[in-house]
Amino acid sequence: MPRLPALIASKYAGDALYTAPIYTLVTPPLLPKTKPWVAARTGWMIEFTQLGDIPATLRPLLGSTFNPPSLSCYTVGPATTRTAHKLWLRRPRTG
């Protein structure tokens, strides 16, 4: 059985990764000058929708329980993804 700190770390890592695809799929190809905070705000909006009644069919995608610490994870995810993206663009190209 996993220890409690490992469960907590994996939960918050999952929250941070939740916004990484939002940044990756939307920001660079469609809105290249947009800051990563747009993806963070999207995560925040999704988290705040959990305060209301979410239809059962959307719960697997949007979640069902509001968790305030998740809001900080939705900031870390896109910021980390943007940093990785910038490092990727600066890599030396061969060929």
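Trainee: Which polar atom lies 2.8 Å from the backbone oxygen of Gly 77?

Mentor: A polar atom of the Thr 81 side chain sits at that distance from the Gly 77 backbone oxygen. Please keep in mind that we are looking at a predicted model.

Trainee: What makes this pair of Gly 77 and Thr 81 a polar contact?

Mentor: The cut-off for the two atoms is 3.5 Å. The distance here is 2.8 Å, so the pair falls within that limit.

Trainee: How do you know whether Thr 81 is buried or exposed?

Mentor: Buried means under 20% relative accessible area. Thr 81 has 17%, and therefore it counts as buried. Thr 81 belongs to helix H4, and beyond its neighbours within four places in sequence it touches Ala 20, Tyr 23 and Thr 24.

Trainee: How do you know that the length of H4 agrees with its number of residues?

Mentor: H4 covers residues 70-89, which makes 20 residues, and at 1.5 Å a residue they should span 28 Å. The end C-alpha atoms are 29 Å apart, which agrees with that expectation.

Trainee: Which residues of H4 are buried?

Mentor: They are Ser 70, Leu 71, Cys 73, Tyr 74, Gly 77, Pro 78, Thr 81 and Arg 82. These residues cover an arc of only 165 degrees around the axis, so they lie on the same side of H4.

Trainee: Why is Asn 67 called buried?

Mentor: Its relative accessibility is 18%, and the cut-off is under 20%, so Asn 67 qualifies. Asn 67 is placed in the loop between helix H3 (59-62) and H4. Setting aside its neighbours within four places in sequence, Asn 67 contacts Lys 11, Tyr 12 and Glu 47.

Trainee: What makes Arg 91 count as lying over the face of Trp 88?

Mentor: For Arg, the CZ atom has to be within 6 Å of the ring centre and within 35 degrees of the ring normal. Arg 91 lies over the face of Trp 88 at 3.7 Å from the ring centre, so the distance meets the limit. As for aromatic pairs, a search of the whole structure finds 1.

Trainee: What pattern does the protein chain follow along the sequence?

Mentor: The pattern is α-α-α-α, with 4 helices and 0 strands. Of its 95 residues, 25% count as buried. Among contacts with a separation of 6 or more, 67% join residues 24 or more positions apart.

Key: Residues are numbered from 1 along each chain as its sequence is written. This is a predicted model: local features need pLDDT of at least 70, side-chain atom pairs count only at pLDDT 80 or more; totals for chains, interfaces and linings use all residues. Side-chain values use heavy atoms; hydrogens and water are left out. Helices (H or I, at least four residues) and strands (E, at least two) are DSSP runs, numbered from the N terminus. The expected span of a helix is 1.5 Å times one less than its number of residues. Buried means under 20% relative accessible area, exposed over 50%, partly exposed in between (1.4 Å probe, protein chains only). The arc is that of the directions from the helix axis to the C-beta atoms. Rings of Phe, Tyr and Trp (its six-membered ring) pair if their centres lie within 6.5 Å; planes under 30 degrees apart count as stacked, over 60 as edge-to-face and the rest as tilted. Contact means heavy atoms within 4.5 Å. A polar contact is a pair of N or O atoms within 3.5 Å; within protein, one must be able to donate a hydrogen and the other to accept it, and residues adjacent in sequence count only if both atoms are side-chain atoms.
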